[in-house]
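Have the model open as you read.

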Amino acid sequence: MEQPVNLTAALASFDDVYSPRIVTRMNDYDVRIAHTRGEHLWHVHEHTDEFFLVLDGQFDIALRDPAERTVTLHKGDVFVVPKGVEHKPSSPGGSILMFEPSGTATTGDRHEGEIPDHVDSTIGHELT
């Protein structure tokens, strides 16, 4: 049987940025948390929307839809990047919660350029 997960404690259990931990699953979706700092990379999820909730700090999402613009999110803000829209997250520091279909790669179905060393290309890590 599932047990409650305290998000503050879960975030305190790891330090890696852009390396999401799966805190629970619902239907075919992962609920993931991640620390954010620095720039991610331009990428796109062709077949799924991506939901973000800022838990702490600031989180910026540059979008190409079709013109380039940036959405700035703060603690408590939510935003959905529609499927097929290229986006590039960045942050001066913070933490986020995401809803994504299980198996969704953090670097999308395709991405632009090399993956930076501080970005973990993963489908999420189990919370330990």
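Is Phe 52 buried or exposed? Phe 52 is buried, at 2% relative accessible area. Buried means under 20% relative accessible area, exposed means over 50%, and partly exposed lies in between (1.4 Å probe, protein chains only).

This is a predicted model, in which local features need pLDDT of at least 70 and side-chain atom pairs count only at pLDDT 80 or more, while totals for chains, interfaces and linings use all residues. Residues are numbered from 1 along each chain as its sequence is written, and side-chain values use heavy atoms, with hydrogens and water left out.

**Aromatic pairs**

- Rings of Phe, Tyr and Trp (its six-membered ring) pair if their centres lie within 6.5 Å; planes under 30 degrees apart are stacked, over 60 edge-to-face, and the rest tilted.
- By this rule there are two aromatic pairs.
- Phe 51 and Phe 99 make a tilted pair, 5.1 Å centre to centre with 55° between the planes.
- Phe 51 is in strand β4 (residues 50-64) and Phe 99 is in strand β7 (residues 86-101), so this pair ties together parts 48 residues apart in sequence.
- Strands here are DSSP runs (E, at least two residues), numbered from the N terminus.
- Phe 51 is partly exposed at 23% relative accessibility, and Phe 99 is partly exposed at 28%.
- Phe 52 and Phe 59 also pair: their ring centres are 5.2 Å apart and their planes meet at 45°, so the pair is tilted.
- Phe 59 is buried, at 1% relative accessibility.

**Charges over rings**

- A charge sits over a ring if NZ of Lys or CZ of Arg is within 6 Å of the ring centre and within 35 degrees of the ring normal.
- Arg 21 lies over the face of Phe 14, 4.2 Å from the ring centre.
- Arg 64 places its charged end over the ring of Trp 42, 3.7 Å from the centre.

**Cavity**

- A cavity is a set of points, on a 1 Å grid over the protein atoms alone, where a 1.4 Å probe fits but cannot get out; lining residues have an atom within 4 Å of a point.
- Grid points join across faces, edges and corners, and a volume is the space filled by probe spheres set on them.
- The whole structure holds one cavity of 30 Å³ or more.
- β7 gives the largest share, five residues.

Definitions and conventions. Helices (H or I, at least four residues) and strands (E, at least two) are DSSP runs, numbered from the N terminus. On a 1 Å grid over the protein atoms alone, a cavity is a set of points where a 1.4 Å probe fits but cannot get out, and a pocket is an open set with protein on both sides within 12 Å along at least five of seven lines; lining residues have an atom within 4 Å of a point.
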